[in-house]
Amino acid sequence: MAEEDIYTKDGTVDYRNKPANKKKTGTWKACPYILGNECSERLAYYGMSTNLVLYFKNQLNQHNTTASKNQSNWSGTCYVMPLLGAFLADSYLGRYWTIAIFSIIYVCGMTLLTISASVPGLKPTCYEKDKCHATDGQTSVFFIALYLVALGTGGIKPCVSSYGADQFDDADPIERNHKNSFFNWFYFSINVGALVASSLIVWIQQDIGWGWGFGVPAVAMALAVVSFFSGTRLYRYQKPGGSPLTRICQVVVASFRKYRLALPAEKSLLHETADEAESAIKGSRKLAHTNELSFFDKAAVKLESDENRGSINNWRLCTVTQVEELKSVIKLLPIWATGIIFSTVYNQMSNMFVLQATYMDTHLGKFRIPEASLSVFDTMAVILWVPIYDRLLIPFVRKFTGHKNGLTQLQRMGTGLVISVFAMVSAAIVEVVRLGIVRRHNYYNTTNVPMSVFWQIPQYMIVGCAEVFTFIGQLEFFYDQAPDSMRSLCAALSLTTTALGSYVSSFLVTIVTDISTRNGKPGWIADNQNRGKLHYFFLLLAILSVLNFFAFLAVAKRYKYKKAINKDSVAMVPVDDK
């Protein structure tokens, strides 16, 4: 191996801040610690969140609509906070220290949550099982702990997937192919943690107690921190490139200052740094010029006044790479927006699916199945589909498409959007059948309708299949299409679709409840679901999902993948093929 091939060409360094040695750092030898961290962290998160709507309802004595909205709002916050974590990671701290700091906050939140559910005086007073009352103070402590967890997971979430992908050199074709597999196995590790959470942890919460039910996830989170720190010497580190928001604002300001200027016919005349692949942005490769959104190219037009100032004022003159950073983010936004409705569908697993299950037969012989544990079938579907997709489907589809990954990232995401429609249709059919039993046998005043909760399995399995296509496709797409110095921020941007999906779910519940309860009607989402029409809500989401898919087709057809210029090479390397 030549001397120059020993080190990575994507700007990464080792823990001593020296160029990263390919043989000693990164790739699959570093990934087990990152995947172990993610598996344990997701066990902690899902161990707490999967059953949360029932904790609100039964322990804090909240109505169905209130519990549903509180769950959606908290879940949404968990996926908005990544914007903060991503900003700190890309700008100042780097991904390693951002993960480390917010993991400690996470552990503190989980510990307080455990205390609030187990210490007398802080935990709700229960008169019998699942019939409790919480004071305002007890509720406040619980929500403080809950939102500390939201802050902690927000700091970690956008960084872990990007940090794992950083372990593979974009400029090395072999490592680059391994990175495509990393995203599949990263999502696999998420669902291994979720599998334990939705089975063992949910059972502990329901049959042993909420103190233990929150305590075990707290221990899992502590193990996640240990796993992460164990791999310190093997990791590759991407240097923070300064505030991406500042650079974006500089391009906008410089463009408007020169809005009257005509662009040069030869784009090579636009301002850029010397003829090296590494840009003026620390740790970032140059981006090739594109013709879209040409107005912002005016920020890179160099005037005599810029040359006479001695040093360059970035609020007047920006590099082509800096301009292309802004263009990349703007081009991602339409694709990003189409992920919101999918996330709204996904949110129903810990929301309306659980409430639907409370009015079904949850017994398997003498054993009572916790309603929230049905999400284990979503997790099993993901665990089943990831190796099938990675080892069987990709080689098979590649024969027809000629694409190295079988499907492009956008094709993969679109396939998941289509599959999600069938999940909502399946849930609606189950509810129609359940209400038919209620009407025929006059079961209006019982929660134990003689219809097995296992009829929900298809809707969970279909959501799991859709996740493998859309969510993993999003992870890969937003990482690859992000500029090097904005990868955490763009990963956070993709996660905000989950946040907005939760908020949209909460908003739809509010609107549907307001309209459907007029004139004294029980409404679609009634406290007594035997008198409600929950299937209408599921069908509404199915219709929105169909419309969303057609919107996705329109924006995906126009999208052009970015091109980066690798170090030690003047060739422009497309991140993916359309």
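This briefing covers the overall shape, the nonpolar core and a nonpolar surface patch of one protein. The model is predicted. The protein has 578 residues, and its radius of gyration of 25 Å agrees with the value near 25 Å for a compact globule of that length. It contains 17 helices and seven strands.

**Overall shape and surface**
- The C-alpha trace spans about 85 × 50 × 45 Å along its principal axes.
- The accessible surface of the protein is about 23,300 Å², and carbon and sulfur atoms account for 63% of that area.
- Of the 578 residues, 59% count as buried.
- Among contacts between residues at least 6 apart in sequence, 81% join residues at least 24 apart.

**Nonpolar core**
- In soluble globular proteins, nonpolar side chains tend to be buried together.
- The largest nonpolar core of this protein has 148 residues.
- The core members that touch the most other members are Trp74, Phe142, Leu146, Leu410, Phe477, Phe537 and Phe538.
- Apart from neighbours within four places in sequence, Leu146 is in contact with Met48, Leu52, Phe56, Trp74 and Leu113.

**Nonpolar surface patch**
- Val196, Leu200, Trp203, Ile208, Trp212, Leu364 and Phe367 make a nonpolar surface patch of about 700 Å².
- Helix H6 (residues 173-208) supplies four residues, the largest share of this patch.
- Phe367 lies in strand S5 (residues 367-368).
- Phe367 counts as partly exposed because its relative accessibility is 39%, and partly exposed covers values between the 20% limit for buried and the 50% limit for exposed.

Terms used
Residues numbered from 1 in each chain as written. Predicted model: local features only at pLDDT ≥ 70, side-chain atom pairs only at ≥ 80, totals over all residues. Heavy atoms only, no water. Core = buried A, V, L, I, M, F, W, Y, C linked by side-chain atoms within 4.5 Å. Buried < 20%, exposed > 50% of the residue type's maximum accessible area, 1.4 Å probe, protein only. Contact = heavy atoms within 4.5 Å. Patch = residues over 30% accessible without salt bridge, like charges linked within 9 Å, V, L, I, M, F, W, Y side chains within 5 Å. Areas by Shrake-Rupley, 256 points an atom, 1.4 Å probe, with all protein chains shown as cover. Salt bridge = Lys/Arg side-chain N within 4 Å of Asp/Glu carboxyl O. Helix = DSSP H or I, 4+ residues; strand = E, 2+ residues; numbered from the N terminus. Rg over C-alpha atoms; globule rule 2.2 N^0.38 Å.
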